[in-house]
Amino acid sequence: MTEEAAQSKRFTPKVPIELDPPKDDPISQEELAKCNGTDPNRPTLVAIKGVVFDVSRNAAYGSSGQYRVFAGKDPSRALAKSSLKAEDCVPEWHDLEDKEKTVLDEWFTFFSKRYNIVGKVEGATNT
Ligand code: HEM
């Protein structure tokens with residue numbers, strides 16, 4: 001296997017997941033916050049670098065799940081720093097070390113292989 005092929009297989013789920021084409025719809029901060037796993041009429045959403053993933057099918061992000069702190073937020077900083085602190089669950093990662101930014105990009109890859117992209121956080125910049 002080439003290095004490139006090996007790299008693209010990283011974080012691939014063991015059981016294949018059918019994903020929908022990614023959506024580009026704007027999602028407001030307010031709406032994202034409501035999608036935190038507590039409202040049965042809303043999906044559970046997690047954003048990374050402003051890109052919103054629908055994580056509804058994973059109970060880990062539900063209201064009593066181990067990763068509920070991420071739900072309804074863009075926790076890019078926490079993912080980069082391997083933190084579960086609520087104060088780290090913010091979309092601020094620009095000041096982090098390269099190593100942490102790499103971890104964040106790996107989480108982005110992990111999520112993009114598992115969860116549908118349903119939109120973008122309004123006003124978010126992903127550079
Ligand atoms: C005692 C420490 C920890 C243990 C034992 C642990 C364990 C696990 C396990 C077993 C999974 C895989 C679950 C599955 O396959 O569905 C997982 C996934 C995950 N962990 Fe942890 N973890 C720990 C700490 C953390 C920390 C500090 C973070 C903060 C970034 C974190 C973030 C995540 C995320 C985002 C997932 C992916 C869940 C998904 O969407 O499938 N974990 N963890």
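User: Which residues are around the ligand, and what makes them count as such?

Analyst: They are N58, A60, Y67, A78, L79, S82, S83 and L84. A residue is near a molecule if its C-beta atom, placed from the backbone, lies within 6 Å of it. The model is a predicted one, in which local features need pLDDT of at least 70 and side-chain atom pairs count only at pLDDT 80 or more, while totals for chains, interfaces and linings use all residues. Residues are numbered from 1 along each chain as its sequence is written.

User: What percentage of the 127 residues of the protein chain count as buried, and what makes a residue buried?

Analyst: The buried share is 29%. A residue is buried if 20 or more other C-beta atoms, placed from the backbone, lie within 10 Å of its own.

User: Which residues of the largest nonpolar core touch the most other members?

Analyst: Of its 24 residues, these are L45, V46, A47, I48, V52 and F53. Such a core is a set of buried Ala, Val, Leu, Ile, Met, Phe, Trp, Tyr and Cys residues joined through C-beta atoms within 7 Å.

User: Which residues does F53 touch, not counting those up to four places away in sequence?

Analyst: F53 touches L45, V46, I48, F111, Y115, N116 and I117, contact being C-beta atoms, placed from the backbone, within 7 Å.

Definitions and conventions
A residue is buried if 20 or more other C-beta atoms lie within 10 Å of its own, exposed if 12 or fewer, and partly exposed in between; C-beta atoms are placed from the backbone. Two residues are in contact if their C-beta atoms, placed from the backbone, lie within 7 Å.
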